Number of protein chains: 2
Amino acid sequence: MLSGKVKSETANFLEKFFNPESVAVVGASRQQGKVGYEILTNIINAGYKGDVFPVNPRADVIGELKCYPDLKSIGRIPGLVVIVVPAKIVPEVMRECAKIGVESVIIVTAGFREVGEEGEKLEQQVMQIAKQAGIRVVGPNCLGIVVPTSRLNASFGGDLPATGVTGYLSQSGALLVAILDMAKARGIGFSKLVSIGNKADVNESDIMSAFADDPDTGVIAGYLENIVDGNAFVREVERISHDNPVLLIKSGGTSAGAKAASSHTGSLAAGETAYECMFERAGIIRCDSIKQQFDYIQAFVNQPLPAGSGVAVITNAGGAGIMAADSIERQGGLTFAKLSDETVDKLAAGLPPAASPRNPVDVLGDALAERYEFALNVVLDAPNVDAVLVLLTPQAMTQSVATAEVIAGIARGKPAKPIFACFLGAGKVAEAVKVLRKGKIPQYDSPEVAADVIKVMNDYVKWRSRPKRVVKLFPVNRRKVENVIERCLRRGLREITEAESKEILEAYGFVTPKGSIATTAEQAINAAKRLGYPVVLKIWSPDILHKSDIGGVRVGLNNDREVMDAFDLMMYRIPRKLPSADILGVFVQEMCKEGKEVILGMNRDPCFGPLLMFGMGGTMVEVLKDVSFYMAPLTAEEAKQMLANTKTYKMLKGVRGEEGMDINAITEGLQRLSQLVTEFPQIQEMDINPYMVGSEGMTPIAVDARISVEQV
Amino acid sequence: MLSGKVKSETANFLEKFFNPESVAVVGASRQQGKVGYEILTNIINAGYKGDVFPVNPRADVIGELKCYPDLKSIGRIPGLVVIVVPAKIVPEVMRECAKIGVESVIIVTAGFREVGEEGEKLEQQVMQIAKQAGIRVVGPNCLGIVVPTSRLNASFGGDLPATGVTGYLSQSGALLVAILDMAKARGIGFSKLVSIGNKADVNESDIMSAFADDPDTGVIAGYLENIVDGNAFVREVERISHDNPVLLIKSGGTSAGAKAASSHTGSLAAGETAYECMFERAGIIRCDSIKQQFDYIQAFVNQPLPAGSGVAVITNAGGAGIMAADSIERQGGLTFAKLSDETVDKLAAGLPPAASPRNPVDVLGDALAERYEFALNVVLDAPNVDAVLVLLTPQAMTQSVATAEVIAGIARGKPAKPIFACFLGAGKVAEAVKVLRKGKIPQYDSPEVAADVIKVMNDYVKWRSRPKRVVKLFPVNRRKVENVIERCLRRGLREITEAESKEILEAYGFVTPKGSIATTAEQAINAAKRLGYPVVLKIWSPDILHKSDIGGVRVGLNNDREVMDAFDLMMYRIPRKLPSADILGVFVQEMCKEGKEVILGMNRDPCFGPLLMFGMGGTMVEVLKDVSFYMAPLTAEEAKQMLANTKTYKMLKGVRGEEGMDINAITEGLQRLSQLVTEFPQIQEMDINPYMVGSEGMTPIAVDARISVEQV
């Protein structure tokens, strides 16, 4: 795992990759179409200022450059070595690098871990050489590195892209080619692009740290298929996101989804849940496609962040205005701004009578650039407008280019609020779109997309301004839990028994229902009398997890006879259904009559650690799926947010005259659970279900729990 | 309302608009930029074969055409008259049309209903003239009509578009300009385009009927803001959709959303619900933006429909393949096809060892066109593949143009299954994209979009193959309900009392709980004894709708004392909370102990009529919002589908060993409710909540109902 210190060292180190004093290409080729030719050509054509050393024993000269038989004969230590020789020769080249003291290597060559077992062995061999010699490696199986600012194009991804403030990292080389091509068409520039390939050494966290420290990078974007160390990644990106919007495409489900789950929480935590939690926590903006990522980049790079959620629309076509209004209202979190009377009056004074001075402001089909200018100026100054979307359809009188110029001019003069454009059409608005792009006004092909972009910016602003995370630690009996878990694991158990689950819960401050074990009907009746009627009977067996599924739970038993009947029926029926189950008796439990049933749960993701769950409890939990997840450890605000993310929350607050439940008691329960699973990595899955909660001042009761553990 | 006969007459009539023998432009102008100039020029430039008569008293000649001072002086009856004179002169021109016997008029002029009251009067005046003279009118306030097949461009929407099989109608003229421009850029052609403007005469249903009967039109698309006659529209489009995919953008919420609701169903039927139900029922494919509409058009126009849900992906970039797989799996209803062993073996035999012969088929970054050809042929032949998505990123070796040619060639040779392309990039794939377009292969800018398109096609196929709709009619006591409703309305009541609601329900075959009214505690106790304990007490007042909100419902009363206490408490407390309520006593009701609570409801949409609702019942209905809607009248299949669309359904079928509920009894309840609200348009809103349902064979009980009525 990376500590803060190491990270920053790696980030510093990456500077040597981004700005090397010289570059050697081992495997450089004279033959067009070969990767060794493409990379060398790209380095030269990009106008790289340092020395370039082609290395290939079968050539003396490549193009105008002297070619060296091996690294040693260069007579200098290259600042960066790019390896493109066949996979089986890579160890040899690495040994040569080690011998002459090379520090930075990009292994472009494929045929390692990605092709199977043999490739994986080869990769391990290569990395061992690197580790021993202290060589840092990008790749293998990557496209290379592109740094427009230092005119370095050590890749086979095509021409050097334009310079911009976006740092891009990609786990797929092939996609990066398409990304560069699309960026060119949309006028998006980059500070740095890194193809991270198999991430044998330098991984996504390293690159993102380096981007975060890079003065040339303002926005971080990337394509990832997996994440090496989830915990370190989250912590690092959470820090980074605050200053640099992080826009990621993440493809492929998580391995957690494939694992068979024994708890409700486990089965509800589907493949993507962990990533969703992680993105939310770290403030990462998730993109579903390259196109969407570019839509977002265009906004974040060129426009200020909106201060609030109010969006105003200006249009020369009523229909387009309605579509924009629909889109904005459909986006959760945005407000279709209500213009003040003062603003409406100002607009009405300057617009023709048939125009609409209310949001969406309709400047009419015959609006010239000047009318747009007037409207945009007034709307931008309006107090509850935080962002403006300007729509245009190219009608007979429309001055699309002049209007674009007007918008760009206003944006320069009033840089406080973001402006977005949606010029609908193609050929008729093509020139205008170029003007918008030059003027740094993000232009989108439909109001839907523009509304989505504004929403994403607004969400990011909200995320940035969230309160500082403070995780409360409760005084608990940690030693007790340690003992219980150790005892279980020693006995080879994966599931903690009901009695021991109670011990664990109580050690962490949960209250469990009173009750006792009975092995005969008489004992059960005596226990019931001690507790007071009504009572609950539960089958008592380490082998039965889903007790209610097999008739192992009977609630609301009101007298001795009902207890005796329930006991005898369980003893008669359950062994017939589950002959192999070891039945120890029944648990006679006080009945919690008042309150509502919720579930508190946890599922441990192999990459991101414990995910906490909250939702409506009882047997309906998997049917209604009214649950929410969050990463542990949890702050009080996050616990509250988990509640608010469910529909159950409304019910808990009290509907139709009912008294509300004690919300703080529930959030405390979630925080205690968070502490428990954070302190005990052995706990793999856990449900407290039902967690019976009552009105203000009543202590919730953890009625039933299921805890599964593993040796770690 | 339009009957089948009239519709087809209108449709026939529209032929005169689409293919007129001659066209007169009243208000033709010599002045560039004027609408009267644009339209005349567009008609001439498009190469229209019939005679063109400019009409303008202030000109003798416009361009090379003789200009007439008025319609009469033409000396012939023009087949189509396009009016572009100022609004206030339109009635005069219309009278002239009437005098000389013109049958078809397009009023392009704006300034009618859309500008307010005065304009509306003018429009009524114009339409009265038209009606008396039997003149059919498109518009006013529209862009005109464009018919590429007859080279008629009677519009100011720009150049004549390419000929294609898509008929387009638009309620917004300004948007149509952008639509034409975008269509040109994407190579989409049209059979006919109609800007319907204010729809004073010819409306969306007429145009769609005409398109449906038109041999040149295969796909119908449009942009609508409202619908004139919802019921006629649904019935007509349902018929049309079967043969012509109907792709509509609908913007703006419904008026129903704004109406204050008194029932659960009313408040849950938000603005868009009616339109959603209508789209589903009529098989309309809803589009959120023009871009999305074009994405869909491109597929429906050029490719066969998929026979099933299985999608296979071929890619030269692993990352893109994963993104496509994610997108397909995220789309409900699509299957990421599992290739058979035979197919995998065939692929493996022809692909390099590092390639992946499984879905997504990765042909590797160095794949030439030939390898794509091989893979596509094998995958298309695979038995459980119904559609193929071909991805390409432009890598060093990639032959993007040749690959596009190969795909187009295979599509021609194997036209049974649809093929879609997603060539990622911009400049580097531009040529190839042209080849794809020429070869009628839909090309999308991200796998996300392609997956969405395939899903929409698949949904349409499913809709087309749904069983024939048969609405069952139950024997009921219609007269009884008539009497009850009339009685209420005569008394000026909007809400039917509880006792009368029971009468209505019973008349339509619902079973209601036994019980009786009591005005003293003693009467209540006697009633309870007759029913048998436990019982329910409900406050009895015509003024109290949400009884439980004010403590007016007490359930589970077990003995005389509890009944007496409950009675006295209601009589004490409720008058203090609602001093103005007229309290008649309490209703003592048998308690339904067994079963689950669901809600059956109805909300009448002003445009589309009764929307039925099903969902989880009880007081939680508005919290959990686990409800589904459908238009009445309901078939048994649709009622079943309404259940299946909720999470409650799983619960009703029985979870965790519980016995399932009688599903058919619930669907019958929905059908009976459907019949009731269809037969009584006076019923505006209605809830049966809770509707207590039991296991197979048990009769459900309509425990409580709320019915509101209006004079119609």
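Among contacts in chain A between residues at least 6 apart in sequence, 72% join residues at least 24 apart; a contact means heavy atoms within 4.5 Å. The model is predicted: local features need pLDDT of at least 70, side-chain atom pairs count only at pLDDT 80 or more, and totals for chains, interfaces and linings use all residues. Residues are numbered from 1 along each chain as its sequence is written, chains are lettered from A and ligands numbered from 1 in the order in which they are written, and side-chain values use heavy atoms, with hydrogens and water left out.

**Chain A as a whole**

Chain A has 712 residues, and 59% of them count as buried. Buried means under 20% relative accessible area, exposed over 50%, and partly exposed in between (1.4 Å probe, protein chains only). The C-alpha atoms of chain A fill a box of roughly 100 × 80 × 40 Å along the principal axes. Chain A contains 25 helices and 29 strands. These are DSSP runs numbered from the N terminus: helices are H or I with at least four residues, strands are E with at least two.

The accessible surface of chain A is about 28,000 Å², and carbon and sulfur atoms hold 50% of it. Such areas come from the Shrake-Rupley method with a 1.4 Å probe; for residues, only the protein chains shown count as cover.

**Strand β10 of chain A**

Strand β10 of chain A covers residues 163–170; 6 of its 8 residues are buried, so the strand is largely enclosed by the rest of the structure. β10(A) pairs in the parallel sense with β11(A), residues 190–195, and also with β12(A), residues 219–224. Two strands pair if DSSP finds at least two bridges between them. A:Leu169 stands opposite A:Val194 of β11(A), while the bridge partner of A:Tyr168 in β12(A) is A:Ala221.

Helix α5 of chain A, residues 173–186, forms a right-handed β-α-β unit with β10(A) and β11(A). Right-handed means that, with the strands pointing away from the viewer, the path from the first strand over the helix to the second runs clockwise.

**Strand β11 of chain B**

In chain B, strand β11 (residues 190–195) is mostly covered, with 6 of its 6 residues buried. On β10(B), B:Ser170 stands opposite B:Ser195 of β11(B). The chain passes from β10(B) through helix α5 of chain B (residues 173–186) to β11(B) in a right-handed β-α-β crossover.

| Strand pair | Sense | Bridges |
|---|---|---|
| β10(A) and β11(A) | parallel | 6 bridges |
| β10(A) and β12(A) | parallel | 5 bridges |
| β10(B) and β11(B) | parallel | 6 bridges |
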